[in-house]
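Dear colleague,

I am handing over the structure we spoke about, and below it I have set out what was found, so that you can follow along with the coordinates open.

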Amino acid sequence: MEVVSRNKCFGGEQAVYKHASKTCGVDMTFAVYLPPQAKTGKVPVLWYLSGLTCTHDNAMTKGGLQQHASRHGIAVVYPDTSPRGEGVADDEAYDLGMGAGFYVNATQDPWKPNFQMYDYIVSELRGLVTGELPVNGAHGITGHSMGGHGALTIAMRNPELFQSLSAFAPITNPTRSDWGRKQFSTYLGDDEGTWAQYDATILMSEAGWKGDILIDQGADDQFIDLLRPQAFAEAASKRRQPCVLRTHAGHDHSYFFVSSFAGDHVGWHADRLHAA
């Protein structure tokens, strides 16, 4: 890993790294916050997946997770949202191409060679983080919007890899939303049967999650009709899945919303990861 930057932060270290990704076929950048407890031993790690148009930097600088992670003694990993660079397929729209990987493995050209974000998160970057940094085997995952979709689907498909799960305003039912149908048809093709593996509501109905789930949603979120939290809540209720879905009056879809409840999520994950 190439060190891009290192900064002291709440007694720990906020670093940014770059590495050559075999999965995505380009150099990828990600950020890691290591709490002060990592100086003397391995710590649990919380994965934070970001939303549309974001890089590793947005949540790192606006999410406000570091202070809470320092207090609870857990690391935070902030991956990028897509491959980037010369030769990587892109689109003029903000919700497709670079910055909009949707945490899927693309099967269609010209996206297939680089847009393998599901495997990148689940396998390659996880292996790099656990192999090179002072983190232990207790992993939680969360995310915002498109990243919340990624967190929910990745955890439910890989319960052996994660001990805790939460999300901020996640896209919960992308096969029934314009934030999903457009991207899935482009990245995965027209066979909607292949889309289900990336739909949290369908996964909840079919498999559920091994533990409890925390979801926060802004009542004044300007994109709430695209997120479809009610569909996920109904699926969880039918399955009798332990799930807390909190709706907050006055909150929108921004990082002001995320930072308002970041402490709750970090503490929630820490309780479960330290007990794992």
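How many bridges join strand E1 to strand E2, and do the two run parallel or antiparallel? In this model, which is a predicted one, strand E1 (residues 2–9) and strand E2 (residues 12–20) are joined by seven bridges and run antiparallel. Within that pairing, Val3 has Tyr17 of E2 as its bridge partner. The two strands form a hairpin with two residues between them, and in the turn Phe10 has a positive phi of about 50°.

Cys9 is buried, with a relative accessible area of 17%, while Cys243 is partly exposed at 27%. The count of disulfides comes to zero. For Cys9 the reason can be given directly, because the closest cysteine sulfur, in Cys54, is 19 Å from its own, which is too far for a bond.

Since Tyr48 lies in strand E4 (residues 43–49) and Tyr78 in strand E5 (residues 75–78), the pair ties together parts that are 30 residues apart in sequence. Tyr48 and Tyr78 are both buried. A second pair is formed by Trp179 and Phe223, whose ring centres are 4.8 Å apart with the planes at 35°, so this pair is tilted as well. Here Trp179 lies in helix H5 (residues 178–188) and Phe223 in the loop between strand E8 (213–218) and helix H7 (224–227), so that parts 44 residues apart in sequence are tied together. The two partners can be described separately by their accessibility: Trp179 is buried, with a relative accessible area of 5%, whereas Phe223, at 26%, counts as partly exposed. Ring pairs also link Tyr48, Tyr78, Phe168, Phe257 and Phe261 into a cluster.

Two arginines lie over aromatic faces. Arg126 is over the face of Phe162, at 5.4 Å from the ring centre, and Arg157 is over the face of Tyr198, at 5.1 Å from the ring centre.

Helix H4 (residues 146–157) deserves a paragraph of its own. At 1.5 Å a residue, its twelve residues should span 16 Å, and the end C-alpha atoms are 17 Å apart, which agrees. Eleven of the twelve residues are buried, so H4 is largely enclosed by the rest of the structure; among them are Met146, His149, Leu152, Ile154 and Met156. Met156, which lies in this helix, has a relative accessibility of 6% and therefore counts as buried. Although Met156 and Trp209 are 53 residues apart along the chain, their C-alpha atoms are separated by 5.5 Å. Beyond its neighbours within four places in sequence, Met156 is in contact with Ala200, Leu203, Met204, Gly208, Trp209 and Phe232.

Val135 lies in strand E6 (residues 135–143) and counts as buried at 3% relative accessibility. Its contacts, with neighbours within four places in sequence left aside, are Leu34, Lys42, Val43, Val45, Ala75, Val129 and Thr130. The C-alpha atoms of Val135 and Gly101, which are 34 residues apart along the chain, are separated by 26 Å. His265 lies in helix H9 (residues 255–275) and is buried, with a relative accessible area of 1%. Not counting residues up to four places away in sequence, His265 touches Thr142, Ser166, Ala167, Phe168, Leu214 and Asp216; of these, Phe168 is one of the residues in the aromatic cluster described above.

With kind regards

Conventions
Residues numbered from 1 in each chain as written. Predicted model: local features only at pLDDT ≥ 70, side-chain atom pairs only at ≥ 80, totals over all residues. Heavy atoms only, no water. Helix = DSSP H or I, 4+ residues; strand = E, 2+ residues; numbered from the N terminus. Expected span 1.5 Å × (residues − 1). Buried < 20%, exposed > 50% of the residue type's maximum accessible area, 1.4 Å probe, protein only. Disulfide = S-S within 2.5 Å. Contact = heavy atoms within 4.5 Å. Pairing = 2+ DSSP bridges. Phe/Tyr/Trp six-rings, centres within 6.5 Å; stacked < 30°, edge-to-face > 60°. Lys NZ or Arg CZ within 6 Å of the ring centre and 35° of its normal.
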